[in-house]
Amino acid sequence: MAKGINIILKQNHKTLGKSGELKTVAKGFARNYLIPQNIAEVGTKGRIKHYMMLKSIENKKLEEKELNTIKIQKNLEQVKIKLRKKVSNQKSENIFGSITDKEIIEQIFHATGIEIEKKQLSIPNIKNVGSYQIQVNITNNIQANLTLQILPETI
């Protein structure tokens, strides 16, 4: 007599795991709690095969997305943005106004054609003429560093 039954989780469960995982649990636990509460379904051969097929498709999509983000990262790291701003005088090199996210996003779009959201940018406090490093968070674990060069408008 078998001690467990294979189930596929339909929802995230605190002790069992995440949605879509294949688990072996006691028959009574599955029949009396998981299946009636619509937390899991019985893992028959057909459903397990279907589950494995969906998992492989999902993995392929994740790999494609990761390759795409790496391409975007390489494109962004090659970009050097130059902005011209009015300067108070030639000696102090303090700029009038500030550098906005919108200006940087616009320059990135013109240089690469990649649209970036404001929340993806990490910009240092820019007050003077010079070079600055800008960090762009493409995904949670992939980031690109850009070089922003602020030049006086008179040059």
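Guide: Two strands pair if DSSP finds at least two bridges between them. Strands themselves are DSSP runs of E, at least two residues long, and helices are runs of H or I, at least four residues long; both are numbered from the N terminus. This is a predicted model, where local features need pLDDT of at least 70 and side-chain atom pairs count only at pLDDT 80 or more, while totals for chains, interfaces and linings use all residues. Residues are numbered from 1 along each chain as its sequence is written, and side-chain values use heavy atoms, with hydrogens and water left out.

Let us look at the sheet built from β1, β2 and β3. Its three strands form an open sheet in the order β2-β1-β3, and the pairing is antiparallel. The edges belong to β2 and β3; each has a single partner strand, so one side of each is left without a neighbour in the sheet. Neighbouring strands here are turned by 45 degrees against each other on average, direction ignored. Such angles run from 0 to 180 degrees between N-to-C directions, with axes as lines fitted to C-alpha atoms, for helices over the stretch in contact.

Now the pairs, strand by strand. β1 covers residues 4-9 and β2 covers residues 22-26; five bridges join them in the antiparallel sense. Gly4 stands opposite Ala26 in β2. Asn6 stands opposite Thr24, also in β2. On to β3, residues 40-42: three bridges join β3 to β1, and the two run antiparallel. Here Ile7 stands opposite Val42 in β3. What holds such partners together? Strands of a sheet pair through backbone hydrogen bonds, either parallel or antiparallel.

Next come the helices on this sheet. α1 packs on the sheet and touches β1, β2 and β3; the direction of α1 makes about 100 degrees with that of β2. Contact means heavy atoms within 4.5 Å. Helix α2, residues 45-78, also packs on the sheet and touches β1, β2 and β3; the direction of α2 makes about 40 degrees with that of β1.

Stay with α1 for a moment. Phe29 and Tyr33 both lie in α1, residues 27-34; they are four residues apart, about one turn of the helix. Rings of Phe, Tyr and Trp (its six-membered ring) pair if their centres lie within 6.5 Å; planes under 30 degrees apart count as stacked, over 60 as edge-to-face and the rest as tilted. By this rule there is one aromatic pair. The ring centres of Phe29 and Tyr33 are 5.6 Å apart and the planes are at 15 degrees, so the pair is stacked.

Are these residues buried or exposed? Buried means under 20% relative accessible area, exposed over 50%, and partly exposed in between (1.4 Å probe, protein chains only). Phe29 has 31% and is partly exposed. Tyr33, at 35%, is partly exposed too. Gly28 is also in α1, and with 36% it is partly exposed. Gly28 is 49 residues from Glu77 in sequence, and their C-alpha atoms are 56 Å apart in space.

The phi of Asn38 is near 60 degrees, a positive value in a residue other than glycine. For comparison, most residues other than glycine have a negative phi. Asn38 is partly exposed, with a relative accessible area of 39%.

In the model, the end C-alpha atoms of residues 17-44 lie 19 Å apart, and the span is 29% helix and 29% strand.

The domain assignment gives domain 1 (4-67) and domain 2 (69-152). Domain bounds come from an automatic or database domain assignment. The C-alpha centres of the two domains lie 45 Å apart. There is also an open sheet of four strands, in the order β4-β7-β6-β5, with mixed pairing. α2 lies across β4, β6 and β7 there, running at about 20 degrees to β7.
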